[in-house]
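Subject: Structure handover and notes

Dear colleague,

I am passing on the structure below, together with notes on what was found in it. Please read the notes alongside the coordinates.

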Amino acid sequence: MTVHEQHDPMSRDEVVLLLRTIAHYDNRPPSVETTDAWLMSAQLAGWKLAEAVAAVHHHFAFSTDYLKPGHITALIQQARQKPRIPLEARTVAQALPAPEQPPAEPERVRSIVEQLANRLGWERTKRPDPATSPVECPVCQALPGKPCVRRQHRGPHKGRYVPLAKPHPSRVELERGTTS
Ligand SMILES: [Zn+2]
């Protein structure tokens with residue numbers, strides 16, 4: 001577990017909320033003993049409230065079993081194993097491969113093949129992406145077919161590379177020179 005994933009254990013109040021959600025489905029009566037028992041499970045298994053609530057809804061949507069803490073733990077573990085879909089642009093920016101590392105060999109080979117294909121007039125039907133160019137950028141070293149990037153010098157993503165909407169002008173010039 002990384003530092004990022006560490007979290008405070010669920011509080012008693014959160015367990016009460018969770019049990020109230022469960023009671024909406026199966027009318028189980030609230031009790032101090034039940035709350036204590038579920039609090040124990042929540043803390044032992046490291047649940048977070050949002051995950052546990054999602055697991056409750058998931059359980060009742062797909063199962064007729066009487067819901068027990070072990071169901072919640074299993075569903076949470078299942079959900080944590082699924083890759084998260086980035087929802088925000090900044091998450092996408094963070095998910096971009098770091099261009100300071102040399103590109104993986106197969107990727108470079110594929111780019112060269114694409115570059116050749118473009119020169120030979122293959123895939124003429126494919127509309128060119130205005131953000132990229134079939135040549136490697138002399139400014140930012142973006143590979144053929146990849147958008148140019150700019151390094152952030154300030155802000156929360158300082159040091160990260162962000163893709164540009166248009167290729168660097170020198171790259172456009174270079175492309176004109178090689179293709180005409
Ligand atoms: Zn560039």
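**Overall picture**

Of the 180 residues in the protein, 14% are buried, a residue being called buried if 20 or more other C-beta atoms lie within 10 Å of its own, exposed if 12 or fewer do, and partly exposed in between, with C-beta atoms placed from the backbone. Please keep in mind that this is a predicted model, in which local features need pLDDT of at least 70 and side-chain atom pairs count only at pLDDT 80 or more, while totals for chains, interfaces and linings use all residues. Residues are numbered from 1 along each chain as its sequence is written.

The protein has seven helices and two strands, which are DSSP runs numbered from the N terminus (helices: H or I, at least four residues; strands: E, at least two). Their order from the N terminus is α-α-α-α-α-α-β-β-α.

**The nonpolar core**

A nonpolar core here is a set of buried Ala, Val, Leu, Ile, Met, Phe, Trp, Tyr and Cys residues joined through C-beta atoms within 7 Å. The largest one has 13 residues, of which Val15, Leu18, Ala42, Ala52, Val56 and Ile72 touch the most other members. At least two residues of this core come from each of helix H1 (12-26), helix H2 (32-45), helix H3 (49-62) and helix H4 (69-81). Leaving aside residues up to four places away in sequence, Ala42 touches Pro9, Met10, Val15, Trp47 and Ala52.

**Helix H2**

The buried residues of H2 are Trp38, Leu39 and Ala42. Seen down the helix axis, they fall within an arc of 110° (taken over the directions from the axis to the C-beta atoms), so they line one face of H2. These buried residues pack against H1, H3 and H4, whereas the face turned away from the buried side carries the exposed residues Glu33, Asp36, Met40 and Leu44.

Ala37, also found in H2, counts as partly exposed because it has 13 C-beta neighbours inside 10 Å. Ala37 and Val15 are 22 residues apart in sequence, and their C-alpha atoms are 9.8 Å apart in space. Just after H2, Gly46 takes a positive phi of about 70°.

With best regards

Methods: Contact = placed C-beta atoms within 7 Å.
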